[in-house]
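This briefing sets out the overall fold, the helix packing and the ligand surroundings of one protein. Please keep the sequence and the structure in view while reading.

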Amino acid sequence: MRISNILQENKVHFSFEFFPPKTEEASHTLFETISELSPMQPSFVSVTYGAGGSTNELTQNLVIRLKRETPLNVVAHITAIGASREEIKSQLESYAAAGVRNVLALRGDPPKGSTSFTPTSDGFRYAAEMVAFIKKHFPHFGVSVAGFPEGHPETPNRLQEMDYLKAKVDAGADCICTQLFFDNHDFYDFCERCELAGIKVPIIAGIMPVASLHGLKRMSELALGARIPAKLLRAVLRAQSGEAIEKIGIHWATEQVFDLYDHNVSGIHFYTLNHSTATLKIYETLGMSLGETWHAPTPHKSKNQPG
Ligand SMILES: Cc1cc2nc3c(=O)[nH]c(=O)nc-3n(C[C@H](O)[C@H](O)[C@H](O)COP(=O)(O)OP(=O)(O)OC[C@H]3O[C@@H](n4cnc5c(N)ncnc54)[C@H](O)[C@@H]3O)c2cc1C
């Protein structure tokens, strides 16, 4: 089932992002995490693709394994960087054969150490081109794309950026999943700008609880452009221990989730980093028991619209 159809069910949709583990031990941890998070009944889980197309095989193996061995809806991230059309087609064929029906189509980030990229001679320069290619050859696939509430660093012109996002939707994307953000106002403003641009697909909010000072620094490197509110930074810098920082991160993310929920968000996507603790704590604080479906209150506004 396409993610956009799943999101139509009137409940709060949670989903989780995982990255493909590189060792046996890391794989064990991931599968433990998955079994701990599964009772939250995620609407889907997604599997990342390494920067510069570096985890092709690992990503495919994990996606297909999750599809075969779990009841989870799996979304495979697929990136254009470093890949030819044939390579992308062949990945999609493997997914289609395994019964995977959803992908997150991304331009991708250049590998570590480089800041720019040149597409392969018959590759794609932008995600919109890849979305059109996927819809042409695999029309039954659900295709999600990335959105950037605080803007993508390569396009300082925010109006133009919305045109590029709209181009991905016009090419066939039926869902947007956002970059992580720490201030919900950025997300609500983004949703309003999408509305003004005529983008009507569901928008899933990306949430990542801060786990450490190092993690926070790393986040602002990876999620380029993600603004760290001074209030959050001050609390993290004031904390006396790793445990205290973790608590601050969970508290901050829980407040974000409560507020998003009150604004009738289409879905909340947790960047889990393959760990369950923070996500489970947030879920618990929301007052949920595992295995319970959390129904949305009567919507006071259409989905995506800020309150
Ligand atoms: C939810 C999510 C998951 C992600 N998962 C991964 C992952 O698994 N692996 C990974 O490597 N990266 C991942 N990323 C990061 C993403 O690949 C990078 O942020 C990348 O720089 C942008 O990807 P995109 O798909 O938005 O690209 P695009 O939509 O192609 O946009 C890239 C840049 O080009 C601009 N642009 C678009 N079209 C045009 C045009 N026609 N002319 C001029 N400029 C244009 C855009 O405004 C933007 O600045 C993820 C990001 C998000 C939000």
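At roughly what angle do the axes of helix α10 and helix α11 cross? The axes of α10 (residues 242-262) and α11 (residues 277-285) cross at roughly 50° and come within 9 Å of each other. The coordinates belong to a predicted model.

**Overall fold**

- The protein chain contains 11 helices and 8 strands.
- Its C-alpha trace spans about 50 × 45 × 40 Å along the principal axes.
- The radius of gyration of the protein chain is 18 Å, which agrees with the value near 19 Å that a compact globule of 307 residues would have.

**Packing of α10 against α11**

- The crossing of α10 with α11 is right-handed.
- On the α10 side, the contact is made by Gly 249, Ile 250, Ala 253, Thr 254 and Val 257.
- On the α11 side, Ala 278, Lys 281, Ile 282 and Thr 285 take part.
- Sorted by class, this contact of α10 with α11 has 5 nonpolar, 3 polar and 1 charged residues.

**Packing of α3 against α4**

- Helix α3 (residues 56-69) and helix α4 (residues 85-98) have axes that come within 10 Å and cross at roughly 10°.
- Because angles under 35 degrees count as roughly parallel, α3 is described as roughly parallel to α4.
- The crossing of α3 and α4 is right-handed.
- From α3, the residues making the contact are Gln 60, Val 63, Ile 64 and Lys 67.
- From α4, the residues making the contact are Gln 91, Ser 94, Tyr 95 and Ala 98.
- The contact of α3 with α4 has 4 nonpolar, 3 polar and 1 charged residues by class.

**Surroundings of the ligand**

- There are 24 residues around the ligand, and those that come nearest are Thr 48, Arg 107, Ala 127, Ala 146 and Thr 155.
- By class, the shell around the ligand comprises 10 nonpolar, 9 polar and 5 charged residues.
- The strands β3 (74-79), β4 (102-106) and β6 (175-180) each supply at least two residues of this shell.
- The helices α5 (127-137) and α6 (158-170) likewise each supply at least two residues of the shell around the ligand.

How values were computed:
Residues are numbered from 1 along each chain as its sequence is written. This is a predicted model: local features need pLDDT of at least 70, side-chain atom pairs count only at pLDDT 80 or more; totals for chains, interfaces and linings use all residues. A residue is near a molecule or strand if its C-beta atom, placed from the backbone, lies within 6 Å of it. Helices (H or I, at least four residues) and strands (E, at least two) are DSSP runs, numbered from the N terminus. Ala, Val, Leu, Ile, Met, Phe, Trp, Tyr, Cys and Pro count as nonpolar, Asp, Glu, Lys and Arg as charged, and the others, Gly among them, as polar. Axes are lines fitted to C-alpha atoms, for helices over the stretch in contact, and angles run from 0 to 180 degrees between N-to-C directions. Angles under 35 degrees count as roughly parallel, over 145 as roughly antiparallel, 65 to 115 as roughly perpendicular and the rest as oblique. A crossing is left-handed if the near helix is turned anticlockwise from the far one by less than a right angle, and right-handed if clockwise. Two residues are in contact if their C-beta atoms, placed from the backbone, lie within 7 Å. The radius of gyration is taken over C-alpha atoms; the globule rule is 2.2 Å times the number of residues to the power 0.38.
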